[in-house]
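Hi everyone, thanks for coming. Today I'd like to walk you through one model, so please have a look at it on the screen before I start.

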Amino acid sequence: MTTVRTAPPSATRPGAGPAGPPPRRRGILRKTLAYVSLIAVTLLVLLPLGWMISSSLKRNNQVFTTPIEWIPREFRWSNYVEIWEQIPMATYLGNSAYLAIVITFLQVLTGSFAAYGFAKVRFPGRDALFLAYIATIAVPWQAYMVPQYILMQQADLINTHLSIILLQAFGAFGVFLMRQYYMSIPDELCEAARIDGLSEYGIYRRIILPLSKPALASLALLTFVNTWNDYMGPFIYLTSNDLWTVQLGLRSFVGQYQADYAMIMTGAVLSVLPVVVIFLFGQRYFIQGIATSGLKG
C-alpha cells in the first residue's frame with residue numbers, strides 16, 4: 001500500500017510561506033520604493049533653490065531667521081526692481097550672455113571638428129595624440145593658471161573679454177564627448193562619401209554634423225552653463241566694472257562689515273533664469289546626447 005504525500009498548506013497557498021509575495025507584488029513594492037527615493041533626492045536637490053527664491057522675497061534681516069521661514073511673512077517683490085537700480089544688472093547679464101554665447105559657439109565648433117579628425121580620419125599616431133590630449137583633463141587649472149595669466153599679460157589682453165574667450169574656446173572634454181558620439185556613426189557613410197568625391201570638410205559638414213545634433217546640443221548646454229557660472233576666470237582677468245559678469249556683479253553686494261543677502265539672492269535668481277530656460281528647451285537633446293555618447297556602432 002502506497003501513501004500519497006501532500007504538500008503543506010502553507011506551500012500551496014499563493015503568497016504564503018517561505019516563497020514570499022508574488023512577483024507582481026514585489027515589482028510594485030520595488031517601483032514604489034524607487035519613486036519614493038527619487039522624490040526624496042529631488043526635494044534635497046531643490047531645497048537650496050527653494051531657500052534662494054524665498055530669501056529673494058524677504059528683507060535683509062529676515063534671511064537668516066531661525067527657524068527658517070520658507071514662506072515670507074511679507075513678499076518684497078520690490079527687490080526685483082531695486083536690484084536694477086543698485087547695480088548695472090543689465091550690463092552684467094549682457095556681458096555674461098556675450099561670453100557664454102561666443103565661448104559656446106567656439107567650443108562646439110573646435111570640439112566637433114577636432115573630434116571628427118580623431119574619430120573618422122586615419123593618420124599616424126592618432127590614438128596616442130588623442131590620449132595625450134584627453135589626459136590634460138586631469139591637470140588642475142591651478143597648475144597652469146599663472147602661465148596663462150603671464151601669456152595674456154604679455155599679449156596685452158588683461159581686462160578684455162578676448163582673454164577669457166581665447167582661453168576657453170578650446171576644451172578637451174568637448175573633443176572627448178563628440179568623439180565618443182562620432183564613433184557610433186558607421187564608418188561606411190564616410191567611406192561612401194569619399195568614393196563619391198566628397199572632401200573631408202564636406203563629410204564633416206554634410207554628413208557628420210546633421211547626425212550629431214544630440215551631442216552638439218549636450219556640449220553646447222554644458223559649455224554655456226559652465227561659462228555662465230564661471231567666477232574665477234572673470235575675477236582674474238576683468239578689472240573694469242563695465243566688463244564684469246553677473247557673478248562678479250553680485251559680489252558688489254558684499255561690503256566690508258555686512259552683506260545684503262536679500263539682494264544677493266535676488267540677483268542669483270535672475271542669473272539662474274537664463275540657464276533654466278535654456279535647459280528646458282534643450283533637455284531632450286541633452287539627455288539623448290549623453291545617453292548615446294558611449295555607444296559604438
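Let me start with a word I'll be using a lot: helices here are DSSP runs of H or I with at least four residues, strands are runs of E with at least two, and both are numbered from the N terminus. Two bits of housekeeping as well. What you see is a predicted model, where local features need pLDDT of at least 70 and side-chain atom pairs count only at pLDDT 80 or more, while totals for chains, interfaces and linings use all residues. Residues are numbered from 1 along each chain as its sequence is written, and side-chain values use heavy atoms, with hydrogens and water left out.

Okay, our way in is Lys120. You'll find Lys120 in helix H4, which covers residues 89-120. Is Lys120 buried or exposed? Lys120 is buried, because its relative accessible area is 5%. For that word, buried means under 20% relative accessible area, exposed means over 50%, and partly exposed is in between, using a 1.4 Å probe and protein chains only.

So what is around Lys120? Leaving aside neighbours within four places in sequence, Lys120 is in contact with Arg126, Tyr182, Met183, Ile185, Pro186, Asp187, Cys190 and Arg194. Contact here means heavy atoms within 4.5 Å. Take Met183 from that list: Lys120 and Met183 are 63 residues apart along the chain, yet their C-alpha atoms are separated by 7.9 Å.

Now Arg126, another one on the list. Arg126 sits in helix H5, residues 126-134. Setting aside neighbours within four places, Arg126 is in contact with Gly117, Phe118, Ala119, Lys120 and Val121. A polar atom of the Arg126 side chain is also 3.4 Å from the backbone oxygen of Phe118.

Let's zoom out to whole helices. Two packed helices are described by the angle between their axes and the distance between the axes. Axes are lines fitted to C-alpha atoms, for helices over the stretch in contact, and the angles run from 0 to 180 degrees between N-to-C directions.

How do H4 and H5 cross? Their axes come within 9 Å and cross at roughly 140 degrees. H4 and H5 are therefore oblique to each other. On the cut-offs, under 35 degrees counts as roughly parallel, over 145 as roughly antiparallel, 65 to 115 as roughly perpendicular, and the rest as oblique. H4 passes H5 in a left-handed crossing. For handedness, picture the near helix turned from the far one: anticlockwise by less than a right angle is left-handed, clockwise is right-handed. On the H4 side we have Gly117, Phe118, Ala119 and Lys120, meeting Arg126, Leu129, Phe130 and Tyr133 in H5. Those contact residues divide into 5 nonpolar, 1 polar and 2 charged. In that count, Ala, Val, Leu, Ile, Met, Phe, Trp, Tyr, Cys and Pro are nonpolar, Asp, Glu, Lys and Arg are charged, and the others, Gly among them, are polar.

Next up is H4 with helix H8, residues 172-182. This pair packs at an angle of about 50 degrees, with the axes 8 Å apart. That makes H4 oblique to H8. Here H4 passes H8 in a right-handed crossing. By class, this contact has 8 nonpolar, 3 polar and 2 charged residues. Lys120 takes part here too: it is among the H4 residues that meet Gly174, Val175, Met178, Arg179 and Tyr182 in H8. And H8 is mostly covered, with 8 of its 11 residues buried. Among the buried ones are Gly174, Arg179 and Tyr182.

Back along H4 there's Asn95. Asn95 counts as buried, because its relative accessibility is 10%. Beyond its sequence neighbours within four places, Asn95 is in contact with His161, Asp242, Leu243, Trp244 and Thr245.

Last stop, the loops. Thr66 and Pro67 are joined by a cis peptide bond, with omega about -5 degrees. Pro67 lies in the loop between helix H2 (23-55) and helix H3 (79-86). Then look at the loop between helix H6 (145-154) and helix H7 (161-168), where Asp156 is. Phi of Asp156 is near 60 degrees, a positive value in a residue other than glycine. Asp156 counts as exposed, because its relative accessibility is 63%. Asn159 is found in the loop between H6 and H7, and has a positive phi of about 65 degrees although it is not a glycine. Asn159 is partly exposed, with a relative accessible area of 26%.

Methods: Polar contact = N/O pair within 3.5 Å; in protein donor to acceptor, adjacent residues only side chain to side chain.
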